[in-house]
Every structure is written in C-alpha cells, then in structure tokens.
Amino acid sequence: MRLGRAPSGKPPRLCALLLALLLALLLALLLALLLALPGCAPAQPLERTFFAMDTVMTLRLYQGGDGSLLDRAEARVRELEAQWSVTEENSEICALNRGGRAELSPETAELLGAALDMCRRTDGALDISTYPVLRAWGFTTGEYSVPGGEAIAALLPLVDYGRVALEAGAAALPPGMEIDLGSVAKGYTGDALAALLKQGGADSALLDLGGNIQAVGSKPDGSPWRVAIRDPAGDGNIGVVEVADQAVVTSGGYERYFEEDGVRYWHIIDPATGWPARSGLASVTVVGESGLLCDGLSTALFVMGREGALEHWRQHRDFEAVLVSEDGSVTITAGLEERFTPADPARPLTVAQP
Ligand code: ADP
Ligand code: MG
C-alpha cells in the first residue's frame, strides 16, 4: 500500500511544483511588463514656463538634471535678455543705439559678430540695422501704422549692416543708425541653454522659446522628437518633422501683424524696400544643428522667397527647410524627405533636390 501510494502521490506533488513555477514565471513576466510600461508612455517631464524676450518660453526636462537646472536655465535667459533687449534702457544694445558707441561683454560681441556674419551670408536679406524702419511701422511698440513712402525713403539709408563697426570688444554705429538682434537672439539662447542643460547632466529635453524649438538629445526612449509645424493659414499643423539634438525655427507672417484697409502687414521687413517682405511665402521653418543659424535663416529665407531660399540651401547645405507658400503648397529640402510627415497627404508637396 505504501509502496503503491508512493508512486501515485508523486505526480500530484510534481504537478503542484510545476504549477507554482509557472505561476511565479507568469508573475515575473507581469511585473516586468508593468515596469516596462512607463517607458512606452511619454514620461512626465520637469516643466518650466515663463515670459522672456517678448515671448512665452517652456522648458521641458525629460531625463537627467533636476529642478535647479531649470532655475539656472531660466536665470541664463534673463541674463542674456538684460544684455540684448532693445527696450531695456540698461542693455548693451540700448547703450549702443543711444550713444552710437559701446563697450560690449564678450558674449554680446560674439552674438553681434555672428549676426553680422549672417547678414553677409544672406547678402542683406537679414539686416540687423532694420530697426529704425521697424519702429516706423510700430512693430517695436505695438502702435502700428503704415508709414508714408517718404518716411520710409528717409529711413532706408540707415539700413546697412556693412556700416556696423565691431572691433576689440566695442561696437560703433554711424549717426541715426540703430540695431536689433531680435532675429537671432532666441536662436543663440537656444544653443546656450542646450549646452547648459547638457553640462548639468540632462540628456533629453525639449525647449520651446516662443516658436524656436531646441531639442536636447532625443526622447527618453531614444526615438527622435516629433515637432509639429504650424499651418500659417489656420490653427492646425502642416506636418511633423523628426529631430534629435537640432533646432527647428519658424518665421511666419502670421506671428505678428496688423491689418489696415484689408491689407495685412507683418513684422518681417525686406531691408531693400523697408516694407513687410512679400515674397510669396507664408512661413519658413529651418532645421539644423545651430539654433542661431536656423533663427537668422528663417527670417532671411522668408525675405528671399522660395526660389532664393532653395538657391541658398543648394549653395550651403548646412540646414534643411520647410517652405509654405501663400497658396498653401509645401516645399521641403531633400534632407527632410525621410523625416517630414505631412498632416494632410492631399496638400501639394515638393521635395527640392540639390
Ligand atoms: P520672431 O522673433 O517673431 O519669432 P523672427 O525670428 O523672424 O521672428 O525675427 C523677426 C524679428 O527680427 C522682428 O520682430 C524684427 O524685430 C526683426 N526683423 C524683421 N525683419 C528683419 C530683417 N529683414 N532682418 C533682421 N531683422 C529683422
Ligand atoms: Mg528668426
């Protein structure tokens, strides 16, 4: 009986053991799945929103670093703004505009030098000395009005970046001339913040400096950031561009404008005419490694128009672009072909070749 029972009692014990093992395995699997899940869903970033440089900025830190890093980033923005603001009396740029001459901090001298390089590179489509004309239109104060042809003609001789002198940490301007670094300041700031965050241990962050997007690394799961490009003619997006460690900067006629007698006048000025640039483009988005380059180019390519912009791309090839024309058609440069997903496949899309 005992002998007989022994063999018959063994299988159930084995079964229970196997069952327990299976259960443990299942539990482990479930636990692993649960632990993996937060990795799939977008992680909750540390977030900071504030108003600076005349725009709303949002910094999102997804991986590495902590809240004190965001404190330092915000402080850095305010420090740069204090140096460059055209409206803050104590800024270095204000001092230069007021006195016609000023000593510059190394950083302001660096930005001014880089801005002048961009003016030369774009053959004056970007011109930091457009400021007196911008003021005549009211874009500096918000008191908009269409200046008379004579008023613009009188101001145009003051628009000439070639007469800005920069030497040994000091700058000088001819009488009446004034400069404004607004077309490149946010780009430079994006580069500076990306460097600061990386030094502080961040390896995944997305910075939105009022339309200037600066990607630090990629998403926490290693995939690229997906940055939406706004439809200049509506509330939606025209598509999404995938980036890692790059800037995505858009300039458009819809950003800041006023209307008079049914005509829309926007804040991007053609330095050659003193009038808002009407080149057939509704917006320009520039994608590249340097935020400063992308920022300056988004403004300059908008002035150049589609053909001029593509010509500039063919000559330099150190950036990519998404051009939205006023008729709603979209042109992307070849380097974005695999990285741009249109929101509406029916919208006409051209891929420009080198
Ligand atoms: P935003 O700073 O509004 O995002 P942009 O980067 O295109 O837009 O910069 C436009 C700003 O640069 C304007 O607000 C104006 O101060 C200035 N600006 C306008 N036209 C020019 C130009 N052709 N060259 C240099 N600066 C310009
Ligand atoms: Mg710009």
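In this predicted model, the side chain of aspartate 180 places an N or O atom 2.9 Å from an oxygen atom of ligand 1. Two further side chains make approaches of this kind to ligand 1. An N or O atom in the side chain of serine 251 is 2.5 Å from an oxygen atom of the ligand, and a polar side-chain atom of lysine 186 lies 3.2 Å from an oxygen atom of ligand 1. In total, 17 residues surround ligand 1, and the closest are Asp127, Asp180, Ser251, Ile269 and Thr299.

Aspartate 295 and threonine 299 both belong to helix 8, and because they are 4 residues apart, about one helical turn separates them. Aspartate 295 counts as buried because its relative accessibility is 5%, and threonine 299, with a relative accessible area of 15%, is buried as well.

The description now turns to the largest pocket, which holds about 1,400 Å³ of space. Its lining comprises 46 residues, with Gly182, Ser183, Lys186, Arg256 and His267 nearest the centre; Lys186 also has the polar side-chain atom that lies 3.2 Å from an oxygen atom of ligand 1. Among the elements that each supply at least two lining residues are helix 2 (67-84), helix 7 (185-199), strand 10 (247-252) and helix 8 (291-316). By class, the lining consists of 22 nonpolar, 15 polar and 9 charged residues.

Conventions. Residues numbered from 1 in each chain as written. Chains lettered and ligands numbered in written order. Predicted model: local features only at pLDDT ≥ 70, side-chain atom pairs only at ≥ 80, totals over all residues. Heavy atoms only, no water. 1 Å grid on protein atoms, 1.4 Å probe; cavity = no way out; pocket = protein on both sides within 12 Å on 5 of 7 lines; lining within 4 Å. Points joined across faces, edges and corners; volume = space filled by probe spheres on them. Nonpolar A, V, L, I, M, F, W, Y, C, P; charged D, E, K, R; others polar. Buried < 20%, exposed > 50% of the residue type's maximum accessible area, 1.4 Å probe, protein only. Near = heavy atom within 4 Å. Polar contact = N/O pair within 3.5 Å; in protein donor to acceptor, adjacent residues only side chain to side chain.
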